[in-house]
Amino acid sequence: MLQAIHHIAVICSDYEQSKKFYTEILGLEIIREVYREERSSYKLDLALNGLYVIELFSFPDPPPRPSRPEASGLRHLAFAVPDLDHAVAHLQHHAVLTEPVRIDPYTGKRFTFFTDPDGLPLELYEQ
């Protein structure tokens with residue numbers, strides 16, 4: 001029945017800050033940007049390596065995430081990277097804090113967590 005994940009929707013509290021984070025720091029490409037006046041909301045479609053992956057929304061005064069990271073619902077988004085050390089250095093160069101690198105006990109792969117401007121947990125997982 002299912003073929004693939006089409007996209008992941010993220011609601012941000014500061015549109016310009018989140019747009020910069022996802023495009024300039026993480027390097028996602030803008031597919032389209034729309035301002036929906038009737039909702040006072042931006043909708044930014046973002047791609048990773050040409051594939052549509054994230055729909056970034058802004059809404060006036062969205063409520064904060066109730067807890068981190070174990071709130072009900074989506075726990076985190078994970079991005080595959082070829083070189084974890086290089087990716088962590090890139091984030092740190094842009095003043096994005098990362099947790100200490102850990103090793104997945106089941107796969108032996110290295111990974112770390114960081115957050116977007118709204119505290120959404122994001123993961124880098126070395127391939």
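Arg102 is partly exposed, because its relative accessibility is 39%, and in this account a residue counts as buried under 20% relative accessible area, as exposed over 50%, and as partly exposed in between (1.4 Å probe, protein chains only). The model is a predicted one, in which local features need pLDDT of at least 70 and side-chain atom pairs count only at pLDDT 80 or more, while totals for chains, interfaces and linings use all residues. Residues are numbered from 1 along each chain as its sequence is written, and side-chain values use heavy atoms, with hydrogens and water left out.

**Salt bridges**

The side chain of Arg102 meets that of Glu99 in a salt bridge, with 2.9 Å from N to O; a salt bridge here is a side-chain nitrogen of Lys or Arg within 4 Å of a carboxyl oxygen of Asp or Glu. Glu99, at 28% relative accessibility, also counts as partly exposed. Side chains of opposite charge can pair when their charged atoms come close.

| Pair | N to O distance |
|---|---|
| Glu99 and Arg102 | 2.9 Å |
| Glu126 and Arg110 | 3.0 Å |
| Lys19 and Glu33 | 3.1 Å |

Helices (H or I, at least four residues) and strands (E, at least two) are DSSP runs, numbered from the N terminus. Lys19 counts as buried at 19% relative accessibility, whereas Glu33 is partly exposed, with a relative accessible area of 37%. There is also a network of salt bridges, which links Arg32, Lys43, Asp45 and Glu55.

Strand β6 (residues 102-103) runs antiparallel to strand β7 (residues 110-115), and 2 bridges join them, two strands being paired if DSSP finds at least two bridges between them. Ile103 has Arg110 in β7 as its bridge partner. Between β6 and β7 there are 6 residues, so that the two strands form a hairpin, and Gly108 in the turn has a positive phi of about 75 degrees.

Strand β7 is also joined by 5 bridges to strand β8 (residues 121-126), and these two run antiparallel. Here Phe114 has Leu122 in β8 as its bridge partner. The hairpin of β7 and β8 has 5 residues between the strands, and Gly119 in its turn has a positive phi of about 85 degrees.

The side chains of Glu126 and Arg110 meet in a salt bridge. Because Glu126 lies in β8 and Arg110 in β7, this pair ties together parts that are 16 residues apart in sequence. Glu126 counts as buried at 15% relative accessibility, while Arg110 is partly exposed, with a relative accessible area of 23%.

**Aromatic pairs**

The structure holds 7 aromatic pairs, where rings of Phe, Tyr and Trp (its six-membered ring) pair if their centres lie within 6.5 Å, and planes under 30 degrees apart count as stacked, over 60 as edge-to-face and the rest as tilted. The rings of Phe21 and Tyr22 are edge-to-face, because their planes stand at 85 degrees, with their centres 5.2 Å apart. Phe21 is buried, with a relative accessible area of 5%, and Tyr22 is buried as well, at 0%. The rings of Phe111 and Phe113 have their centres 5.9 Å apart and their planes at 90 degrees, so this pair is edge-to-face too. Phe111 counts as buried at 10% relative accessibility, and Phe113 counts as buried at 10%. Tyr15, Tyr35 and Tyr42 form one aromatic cluster.
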